[in-house]
Amino acid sequence: MKRSFKKAAVLGSGVMGSRIAAHLANNGLDVLLLDIVPKQLSDEDQKKGLSETSPAFRNKLAASGLDQAVKSNPAAFYRADLATRVKTGNFEDHFAEIREADWIIEAVIENLEIKKSVFEQVDKFRKPGSIVSTNTSGIPVNLMTAGRSEDFKKHFLGTHFFNPPRYLKLLEVIPTPETDREVVNCILKYGDLYLGKTTVECKDTPDFIANRIGVFGIMNTFRVMQELDLSIEEVDKLTGPVIGRPKSATFRTADIVGLDTLVMVASHLYEALPDDEKRDVFKVPGFLQKLVENRWLGDKTKQGFFKKVKKEDGTSEILALDLKSLDYQPKKKVSFPTLDMTKPVEDLSTRLKMMYMGMDKAASFFRIMSEELFAYTSARIPEISDDLYRVDKALKGGFGWDLGPFELWDVLGLKRVAESMEKNGRKPAPWVSELLAAGNTAFYIRKEGKRYYYDIPSRSYQLVPDSERYILLDDLRATKVIDKNAAASLFDLGDGVLGLEFHSKMNAIGPDTVSFVLKAFDKMESGWEGMVIGNQAPNFSAGANLALLLMAANEGDYDEIELMIRQFQRMTMRVRYSAQPVVVAPHGLTLGGGCELTLHADHVQAAAETYIGLVEVGVGLIPAGGGTKEMTLRAMDKVADGDVVLPNLRDAFMVMGTGKVATSAHEALPMGILRSTDGISVNKDRQILDAKRQVLAMAAAGYQQPRERKDIRVLGKAGLATIKASIYLMWMARQITDYDKVVAEKLAYIMCGGNLSEETRVSEQYLLDLEREAFVQLCGERRTLERIQHMLKTGKPLRN
């Protein structure tokens, strides 16, 4: 059965309900968001002249939830105007409208009886065949269908989104024994393809997979840190990026989630798991209970494990809680020998092995935490899942881990760690011993560019399901790399398509990257179908290598800078005028030079979560890798001959002149950075395959090499005077600094064609030459060098 989702209803407009509604709207659905009618008029309602029959009063809770979603930071919507897809109402006046919904999601308070009463009404009004789901985070899903119709039961299941739904990838799908298999498969596929989710089918056990294992990890951290006498700051340093976990680590994550929420989940697990061998780990420790009693709940009450305060000089300071005294103290710098040794190591697998083999307290903590995680997780199979790959997917998607428990175990060495666990009384599950006894040495293996997992029931390795939906570069690394250097690699993606991956720090583009890209194009044009430029690191590219630029500028080597920019321009123009189709696949941070590279592709296949912009003005420079040229070209191409062009040119100027960064691929469309013909992959895991398909489609359609443009309209002095007047007004209004004004006028000079007396048609190369000239001039300015130095040191722009 093929299903088409056009309309959805979300019942409950709290933080989760409103954000789920936002994400459904992000991806094309019209959404009805309902909540209860307030019990009584507030003083504010009465001042507004509202009565109990006023729609503004009756719909207030849902409208407020939507308003908070629109204002939320990080943004719940890809673009603010997408909120118009969400209609608000209330349970009493608008419940019957759910009959138009293809998918109805319940997101009310975590109370079984309240949920059952909502579903009683849903059963009355829903259309037959519509899917109904609950967003419960832990209540048994099978208990919610008592008394419901057979059609309701067949189309009912759990869909546990993680907060915030736009950003956390996991969607746990929990069927009941009566759920139709087609419904389960439909939601698994829809969540993956259209909502960008890592969809994981779970058993209906307490808190499903991710929270069961993830909360165990958090609560066990509290226990082990006390045994080893570690501070909050030390634990967060040891449980963050150094081991492939989010920067918020343990205690900062708890503050963000809310300590009351953490206590509620842990307490629920303690009560629901009387036979769990590690039940006592879920018992709330005294210090955490005390914080909840004090209403020190984290971000929602402005203090929890951390607290931000203002110092006498007006600057902010972050204080950390001392768990022994429960007093706040200035955060202390963390240093351990093992931790210090890992600092220069980029490769995560190498860092993890160093941490596990270390001899200090930090290494002891990591060993204990890892081994106890492995013992507990292996014992949960088949209780929470029959398959180990589902557990790894859930923890990566729901908690943002780079590696799931079994993947981490493989990295550290399955056999070695299992022997250490036996020695230390942390016995793994019997099936792990059976796996090792059979001569196997890993939970996952790779064969012919594909990934296989150990299937416990059959005691054999099976292909990870749905792997045909994705191209994972790590799976190709052993056998499909054609060429590489320190900055980039060239892959055979199959079917005659090359894949070009950056892998420098933050994927910054330096001379090594540029030379490799040019070499890769020579390879492609020797008989390949085309190329995808993309990677699967957290960010596509943070821009050009500023450290090398600063070094050359400080030495006054402007010839070297001119050559660097000339080569960068040569690279982007090679992307534009390749003999075969080129698709660029940006995601995450795609800034400066990364954005310029993207602008020159035949087609862009952007991840929905792409944060893209030309930010060079922030370091006192202008886009000189073809970015200024391309934005000017696009602005002028939008306007027919004889029409007014200044508004479009001014819009493009403001995008570059303010260093604006789109907060999603959707937001990049009206900015002119993406085109209506470009594609968006909601699920980043699908992006490389989506891009490859675009290459093959263009090749099959008879791709023809473009010709360099020599007909770009520029406005000359008249246009420059108008834009300069706008810059002057911004400067007078103190919206920009003196030096911002200098840089902005350089940018305007290029966009208007330089010192031309009237409107003229110019070539791309003409504008590239102006870019390069202005860039080199700005590199000789003291204030530009100060801005670059400040950016490298702090990661933030300097307004000098």
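Let's start at Arg734, which lies in the loop between helix H30 (716-732) and helix H31. Helices (H or I, at least four residues) and strands (E, at least two) are DSSP runs, numbered from the N terminus. Arg734 is not a glycine, but its phi is positive, about 60 degrees.

Before going on, note that this is a predicted model, in which local features need pLDDT of at least 70, side-chain atom pairs count only at pLDDT 80 or more, and totals for chains, interfaces and linings use all residues. Residues are numbered from 1 along each chain as its sequence is written, and side-chain values use heavy atoms, with hydrogens and water left out.

**A helix pair**

The axes of H31 (residues 738-751) and H32 (residues 764-779) come within 9 Å and cross at roughly 160 degrees. Axes here are lines fitted to C-alpha atoms, for helices over the stretch in contact, and angles run from 0 to 180 degrees between N-to-C directions. H31 is therefore roughly antiparallel to H32, a label given to angles over 145 degrees. In the contact (heavy atoms within 4.5 Å), H31 brings Tyr739, Val743, Lys746, Tyr749 and Ile750 against Leu767, Leu770, Glu771, Ala774, Gln777 and Leu778 of H32. These residues divide into 8 nonpolar, 1 polar and 2 charged; Ala, Val, Leu, Ile, Met, Phe, Trp, Tyr, Cys and Pro count as nonpolar, Asp, Glu, Lys and Arg as charged, and the others, Gly among them, as polar.

**An open sheet**

Elsewhere, 3 strands form an open antiparallel sheet in the order E12-E13-E14. Two strands pair if DSSP finds at least two bridges between them. Strands E12 (444-447) and E14 (460-463) are the edges, each pairing on one side only. Between E12 and E13 (residues 450-455) there are 4 bridges, and Arg446 has Arg451 in E13 as its bridge partner.

**Salt bridges**

The structure holds 62 salt bridges, each a side-chain nitrogen of Lys or Arg within 4 Å of a carboxyl oxygen of Asp or Glu. One joins Arg181 and Glu201, at 2.7 Å from N to O. This pair links distant parts of the chain, with Arg181 in helix H8 (residues 181-195) and Glu201 in strand E8 (residues 198-201), 20 residues apart.

| Cis bond | Omega | Loop holding the proline |
|---|---|---|
| Asn163 to Pro164 | near 0 degrees | between strand E6 (156-161) and strand E7 (170-175) |
| Ile381 to Pro382 | about 10 degrees | between helix H16 (361-379) and helix H17 (388-399) |

How values were computed:
Parallel < 35°, antiparallel > 145°, perpendicular 65-115°, else oblique.
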